[in-house]
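This report is meant for someone meeting the structure for the first time. Please look over the sequence and the model below before reading on.

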Amino acid sequence: MKPRWPAPAAPVAARSRPGFPVKLPAQPAMPQARPGGTVARGGPMPASSGVGMDSQAVRFAMVRKLEAQGVRDPGVLQALRTVERHRFVDSALANQAYEDTSLPIGLGQTISKPNVVARMLELLCHGQPQPLGRVLEIGTGCGYQAALLSHLSREVYSIERLRGLHERARENLRGMRLSNLHLLFGDGMLGFARGAPYAAIIAAAGGEDLPAAWVDQLAVGGRLVAPAVSRAGQQHLVVIDKTPSGLVRTELEAVLFVPLKSGVA
Ligand code: SAH
């Protein structure tokens, strides 16, 4: 099905950048040498990556553990089997890519633990038929969750406020041929009105409260999943369902996400 709205020509905060949304050109068949002597991510897994010759076996083992921890959604499990997490972290950390641990992705940010990612995606899908419609992600980071979302949704808009990470995500995703994934550089607190309304909105950074723009840009029948600081002053996962009769807010378990910040850098 085609999106009801044409893909936007430029994101709000990146009008000077031609060619948005980012096109993800095909990756070269072989890894490219970088000046620093490391190997570009995106090609066949380098032998030095530390995850062994067959990352699939390690990844499937990670998914079996997630299943044992209670992750049930078949679409989420399949996406986790498909997306190669080791391609999204520094090669020095690739041997930890399939452990249930958060990892640094640069510029003081982290990629969430797989079980937190799985939990949030399950909440987002909540038994709805997949693919979901248009989805907005705030906090692209390294692009891992964006890649998972592209397998679960018709169209994904993912916004990152740090240019360095936005560029890194673009590089990480190059060659994965996720043509329904659009990377945007901008302040995700404003959402992305040109893609609205969204069937689902997910944030990987938590602030004092949920920006009004997110709720405004959510479709009726849609769901928002994000960390937010609760009345008790602790960060919790929050789910907002926009029903025909109004908003239903559910506060779930305590979590620890990086802060949601305004503006770009
Ligand atoms: N889903 C990401 C997680 C990245 S951590 C992944 O798979 O890697 C959260 C990200 O949110 C950080 O990169 C941070 O820079 C970004 N962020 C924080 N506030 C933001 C905002 N207002 N708009 C867009 N991105 C934001």
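## The nonpolar cores

Which residues in the largest nonpolar core touch the most other members? This core, in a model that is predicted, holds 48 residues, and those that touch the most other members are Val 76, Leu 80, Leu 121, Leu 124, Tyr 144, Leu 148 and Leu 173. The element that gives the most to this core is α3, with 7 residues. In soluble globular proteins, nonpolar side chains tend to be buried together.

When its neighbours within four places in sequence are left aside, Leu 80 is in contact with Arg 59, Met 62, Val 63, Leu 66, Ala 118, Tyr 144 and Leu 148.

## Around the ligand

The ligand is surrounded by 26 residues, of which the closest are Cys 142, Glu 160, Asp 187, Gly 188 and Lys 261. Glu 160 places a polar side-chain atom 2.6 Å from an oxygen atom of the ligand, while a polar side-chain atom of Asp 187 lies 2.9 Å from a nitrogen atom of the ligand. Arg 161 takes part through its backbone, with an N or O atom that lies 3.4 Å from a nitrogen atom of the ligand. Of the 580 Å² of accessible area that the ligand has on its own, the protein covers 98%.

## Cysteines and a loop serine

Cys 142, one of the closest residues to the ligand, has a relative accessible area of 5%, and it counts as buried because this value is under 20%. Cys 125 is also buried, at 1% relative accessibility. The count of disulfides in the model comes to 0.

Is Ser 112 buried or exposed? Ser 112, which lies in the loop between β2 (109-111) and α3 (114-125), has a relative accessible area of 19% and is therefore buried, the limit being under 20%. Not counting residues up to four places away in sequence, Ser 112 touches Arg 85, Thr 101, Ser 102, Val 117 and Phe 257.

Note on methods:
Residues are numbered from 1 along each chain as its sequence is written. This is a predicted model: local features need pLDDT of at least 70, side-chain atom pairs count only at pLDDT 80 or more; totals for chains, interfaces and linings use all residues. Side-chain values use heavy atoms; hydrogens and water are left out. Helices (H or I, at least four residues) and strands (E, at least two) are DSSP runs, numbered from the N terminus. Buried means under 20% relative accessible area, exposed over 50%, partly exposed in between (1.4 Å probe, protein chains only). Contact means heavy atoms within 4.5 Å. A nonpolar core is a set of buried Ala, Val, Leu, Ile, Met, Phe, Trp, Tyr and Cys residues joined through side-chain atoms within 4.5 Å. A residue is near a molecule or strand if one of its heavy atoms lies within 4 Å of it. A polar contact is a pair of N or O atoms within 3.5 Å; within protein, one must be able to donate a hydrogen and the other to accept it, and residues adjacent in sequence count only if both atoms are side-chain atoms. Accessible areas come from the Shrake-Rupley method with a 1.4 Å probe; for residues, only the protein chains shown count as cover. A disulfide is a pair of cysteine sulfur atoms within 2.5 Å.
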